[in-house]
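Subject: Structure for your review

Dear colleague,

Please find the structure below, followed by an account of what was found in it. I would be grateful if you would read the two side by side.

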Amino acid sequence: MTTGQPPEEPPLFTMDQASLGYGSTEVLGRVDFICRRTDFVAFVGANGSGKSTFIKTVAGLIPPLGGDLQYAVRGDRPPVMGYVPQNEKLDPIFPITAYEVVLMGTYSFLGPGRRVKEEHRAEARRALSDLDVEGLAGQRFSKLSGGQKQRVLLARALVMNPELLLLDEPTSGVDAKSERSFMAKLAELNRERGVAIVLASHNLPLLKQFAPRIAWFHQGRVQVDATASMLDHIEREAGVGIFL
Amino acid sequence: MMEFLQLEDLRAAWPYLRHGVGMALIIGAVCPLIGIYFVLRRIVFIGVAIPQVSSAGIAFAFLSQGMGWFGLLPGATPHMGVALTGSIVFTLIALLSMGLLLPRGGQAEAVIGLVFVAVSGLSLVLIANAPVAEAGLLNMLKGEIVAVTAVDLIQAVVFFGLVGGLLLVFNKDFLLLAFDRDLAVTMGKAVAAWDVFFFILAGVAVSVAVFNVGPIAGFAFLIVPPLIGLLFSRNMVMLFPLSAAVGIVGSLAGFFLAFRFDLPAGPAGAVFLGATYAVLAGVKILALRCFR
């Protein structure tokens, strides 16, 4: 396995011989992985290869079955994580607006029963504006297109001021133009705000254009963890399409 | 018109009815606030089964009193505190078990259906064997809200005031949990504790509602006002007051229909709410088709 990052950068989280899965079923085994503060890492692999399992484990949604998962600790807290789920996971029965969805991101700063303040509302409006979806604020979330929903969910993650963004198939069901523009926005966030990005996707050609580091999950292992150019080299050696 | 409405008769009977009206108002206002989460979390079937469980708890409490179980003194007059305790205990056990342990999906619905049928039968079996208060118990299960006393009303104001107040204070936390549980976890919220807290509030509200208006109306006031609210709400902020307003209107309408046509008030309110939902949903569907 190759690693495409300089070793001197401080890690945000580290996996050491981790076993990931659900209940007693291992989906990914013997995972060694270091995510650094400036990383933009994309996971590729077939359905069921463990991309979502990895992201859910890092997000704290499922515990690792074995091995070690360590987060960098600043002061006494782990890194702030923004999580962007697949948009179809959110139930359309809620009459919730795009603005209300983004406002939910500010709940991470609020204790139980604490009211949302004007500064939080302003933060939510600013995040909508940053993602160019301020015009959708009053619209029902379930009525938005796939691309619009993803931007709203990204805005929600950004109001949390995350150090790490975790995105699980963020562009599934999104048209090609919106997908490209979404990836460009992620690259900008990584470059200009220094937010580490870890995402799972199927679209390898697009990932090669935007993600400096790509990991390929196959047969229950992280088989390759390399830069996009190294991935091209491996593909030339092994045959085009081996990662699909 | 005035003659049809029998307002003079209503005015004359007001001193005897005012506690019942107060009860209808508070149940109509608070039950929908809990019911919103049953609808949004798609656990409506639990909402159907729980009032029946609550009824079985009331029946079991009366049977226990009649038989002198749990150190209760056997007597000819049913003790309402015992009944309310039975209702709350049964409801909390069932709600916490079903709400926390059952996975969502087809098999869970089958289990909830089984609970519904079993506890409905159990209520009748227990009533048949209760040496005390068979008639009074049947009235309670039918939802004879007219018989509400000042003590019942004060009790309900305390319980529903507490539940309604806590729902308002923690509204954003319950909403986050219902809409995106995964986000709540990544924020470090104690989701299991919030679930338990919610089901305790729901259990208390349903128990007190069933104790006063019976299982049919208890379910109706829990679920139908939020369904009507969802037809017209443009955002979450609008959904809560709209559902409570529909609940209040439904409870008052049920009370008036019961008075005017000599019907049990709880079921009358349930029928009114059901018919209102059918009409409004039909109007909305037609309007959407016409203006599309």
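Two strands are said to pair if DSSP finds at least two bridges between them. Helices (H or I, at least four residues) and strands (E, at least two) are DSSP runs, numbered from the N terminus. In this predicted model, strand 1 (residues 11-22) of chain A pairs with strand 2 of chain A in the antiparallel sense over eight bridges. Within strand 2 of chain A, Val31(A) is the bridge partner of Ala18(A).

Residues are numbered from 1 along each chain as its sequence is written, while chains are lettered from A and ligands numbered from 1 in the order in which they are written. As this is a predicted model, local features need pLDDT of at least 70 and side-chain atom pairs count only at pLDDT 80 or more, whereas totals for chains, interfaces and linings use all residues.

The sheet of chain A

Three strands of chain A make up an open, antiparallel sheet in the order 2-1-4. Its edge strands, each pairing on one side only, are strand 2 (25-36) and strand 4 (66-71) of chain A. On average, neighbouring strands of this sheet are turned by 15° against each other, direction ignored. Helix 1 (residues 51-59) of chain A packs on the sheet and touches strand 1, strand 2 and strand 4 of chain A. The direction of helix 1 makes about 120° with that of strand 1 of chain A; axes are lines fitted to C-alpha atoms, for helices over the stretch in contact, and angles run from 0 to 180 degrees between N-to-C directions.

The interface of the chains

Contact here requires C-beta atoms, placed from the backbone, to lie within 7 Å. In chain A, 19 residues are in contact with 19 residues of chain B. Strand 5 (81-84) and helix 2 (98-104) of chain A are the elements that give two or more residues to the side of chain A that touches chain B.

Confidence

The predictor gives the complex an ipTM of 0.87 and a pTM of 0.86. For chain B, the mean pLDDT (the predictor's confidence in each residue, from 0 to 100) is 86, and 89% of its residues reach 70 or more.

Yours sincerely

Key:
Contact = placed C-beta atoms within 7 Å.
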